[in-house]
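Please view the sequence and the structure together while reading.

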Amino acid sequence: MALKQIEGSHGVAEAVALCRPEVICAYPISPQTHIVEGLGEMVKAGDLNAEFINVESEFAAMSVAIGASAAGARTYTATASQGLLFMVEAVYNAAGLGLPIVMTVANRAIGAPINIWNDHSDSMSQRDCGWLQLFAETNQEALDLHIQAFKIAEELSLPVMVCMDGFILTHAYERLDVPDQERVDNFLPPFEPRQVLDPAAPLSIGAMVGPEAYTEVRYLAHLKQRRALDLIPRVAAEFKAMFGRESGGLIRPYRLEGARTAVVALGSVLGTIKDTVDELRDAGHPIGVLGITSFRPFPLEAARYALRDVERVIVVEKCFAIGVGGVVAIDVRLALDGTGQPVRTLVAGLGGRAITRDSLSRAFLRGMADQLEAMTFLDLDQALVERVLERERLVRRSGPAAEAILREVGAIAAKIV
Amino acid sequence: MFQVRIHGRGGQGVVTGAEMLSIAAFLEGKHAQAFPSFGSERTGAPVVAFCRIDSKEIRLREPIMAPDAIIIQDPTLLHQVDVFQGLKDEGYVLINTAKSFDDLDIGEVAARLRPERHACVPATEIALKHLGRPLPNAVLLGAFAGLAGQISLPAVVSAIRDKFSGKVAEGNIAAATAAFEQVRGQLGRLAPAGSSTPQGPGASPAPAAKAQESAAPSPFAPLVAPGPAAPGPAASYPDRAQATHSQEVR
């Protein structure tokens, strides 16, 4: 193992290379680009013996990944935001066909309005596509999750998305412990496909299935995802035994002992939340954290057990279902079905808005006093929204909303946060 | 935790500067987290990058709003961006300029800081001389090593070698070393006179109380020449970390 101070994207590229992928295909899109650039450099330099396929779009990237995986190759790709949306039809096919592709999603907002910054709208839009979704809290975990993802994917014959916060993780320089090749080889055996296109033993993959069997095929997909609830912690335990650190798993409780309020979240915001909770704990407030690593499958039972003693739950989400409410909160409510524990949604960090300790602390204090509404937008500029709404009331041809809000905001370059 | 915010313009290597600072801190055995502000990275547009340094793992992901140190790569930002936002009175300020704080019309900023914790360095000119290009980022890290003592010059030199190679690395190292010595010279002139000597023409005299406080910290540690600062080939970090430790200046 080697300690390195490197960019998160390069750490992930090194981790993927250690997994000995045979086919890598991707189309560049921020903030994912540095990952496949790093892999491309390794292939070109001869350090990584893989087929690096330049494709003309994200739809092609996933289509090539499907073909490569069906031919028995360990296959990797990466994308973000609009790129993920563009490949959606093939994303569903990869899951339906049961192909163990691993894909990094460098989480980024989706348009319109166009926004290159981080939130979880992209991968959350693929919540129900049949892929497993694992969320990294740190760059070290992002690196580790990729190594675990190939093992989980190939054991289940299901594709796995490793979600890491765009820019916040992908572009951050941090200390990373990069495992050595020998240990990764011991942890991750060569790919033994459960299904393979082989001219010597011809078969077809992707048959049309009618009403007589479609329900059973879908049910089986559901069953396999629920089986992942056993496999994911097992792989995390094997990883810990081999590499000596906690990474992955289903959930990660933090200071939940004695907590009356629990904050549930995914991804890199957990770091800021833990620092905030430490301060609140020091001030005598009984609050703890539950990090969700496996969003798909959602660990309903594990979450219910971890949250059994709290009186209320606040879910911090970097995404929401427009017109309804929180996305993760729906699953948390399902996990707490019948317990009567109220679940509040705190929508934060949309389109890269900074999530600060100060704002979280104020919101958590309100939450602990049962003063949060069912859904709250952290640091929402309500006055700005009112001005734009007022203008729309007064002017019939009020123009596009995004541009109107930008005009109201004025010069943005001078703001640091 | 020690938090540094770097302000500059697109094309000046602001983000690379923060990354190199984190590498330098890492090489000295510390935890460090460098990240950009993710603004629109157009050439000439205001850019901010951040670096946190700590003795333990850094979990916090918010932008740095109350920095311990501010490095300003482009003084034309002073009246466009609130570069001093959140600056603590005991903080450090380093500006790339041949002028003084008073000449830049920010004498009041210098007045509330300790005299040995702010400095102006003509980093662009130093870069042009040693590197042939007006890139101030690595130069300012050399100056920062001289000013703040959070990182050593050998660690900065190693970080430069991590990012660059060949003539570009050597030019940047020469420039960073020159800037380090220039700042140490400025501080050295400040110290024997009881820390109340103005730092440049027109700089504000420091209050006596602040001058007394300044006796405690370490910016006046004896200056050791960085010497042959290249600690071996750039392949393995732990080796380099040790090599760097063995020749630490403080």
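Which residues of α2(A) are buried? They are T33(A), I35(A), V36(A), G38(A), L39(A), G40(A), M42(A) and V43(A), where buried means under 20% relative accessible area, exposed over 50% and partly exposed in between (1.4 Å probe, protein chains only). The model is predicted, so local features need pLDDT of at least 70 and side-chain atom pairs count only at pLDDT 80 or more, while totals for chains, interfaces and linings use all residues. Residues are numbered from 1 along each chain as its sequence is written, chains are lettered from A and ligands numbered from 1 in the order in which they are written, and side-chain values use heavy atoms, with hydrogens and water left out.

**Interface of chain A and chain B**

- In chain A, 31 residues are in contact with 35 residues of chain B, contact meaning heavy atoms within 4.5 Å.
- The two chains bury about 2,700 Å² between them, and 57% of this lies on carbon and sulfur atoms; buried area is the accessible area (1.4 Å probe) that two parts lose on being put together, summed over both.
- The rule finds four salt bridges across this interface, a salt bridge being a side-chain nitrogen of Lys or Arg within 4 Å of a carboxyl oxygen of Asp or Glu.
- D278(A) forms a salt bridge with R59(B), with the closest N and O atoms 2.7 Å apart.
- On the side of chain A that touches chain B, the elements giving two or more residues are β1 (2-7), β8 (173-178) and α10 (269-282) of chain A; helices (H or I, at least four residues) and strands (E, at least two) are DSSP runs, numbered from the N terminus.
- The largest share of that side, five residues, comes from α10(A).

**Helix α2 of chain A**

- At 1.5 Å a residue, the 12 residues of α2(A) (residues 33-44) should span 16 Å, and the end C-alpha atoms are 16 Å apart, which agrees; the expected span is 1.5 Å times one less than the number of residues.
- The cover over the buried residues of α2(A) includes α1 (8-18), β2 (23-26), β3 (51-54), β4 (75-79), β5 (102-107) and β7 (160-165) of chain A.
- After α2(A) comes G46(A), whose phi is positive, near 85°.

**Chain B**

- Chain B has eight helices and six strands.
- Of the 250 residues in chain B, 56% are buried.
- Among contacts in chain B between residues at least 6 apart in sequence, 69% join residues at least 24 apart.
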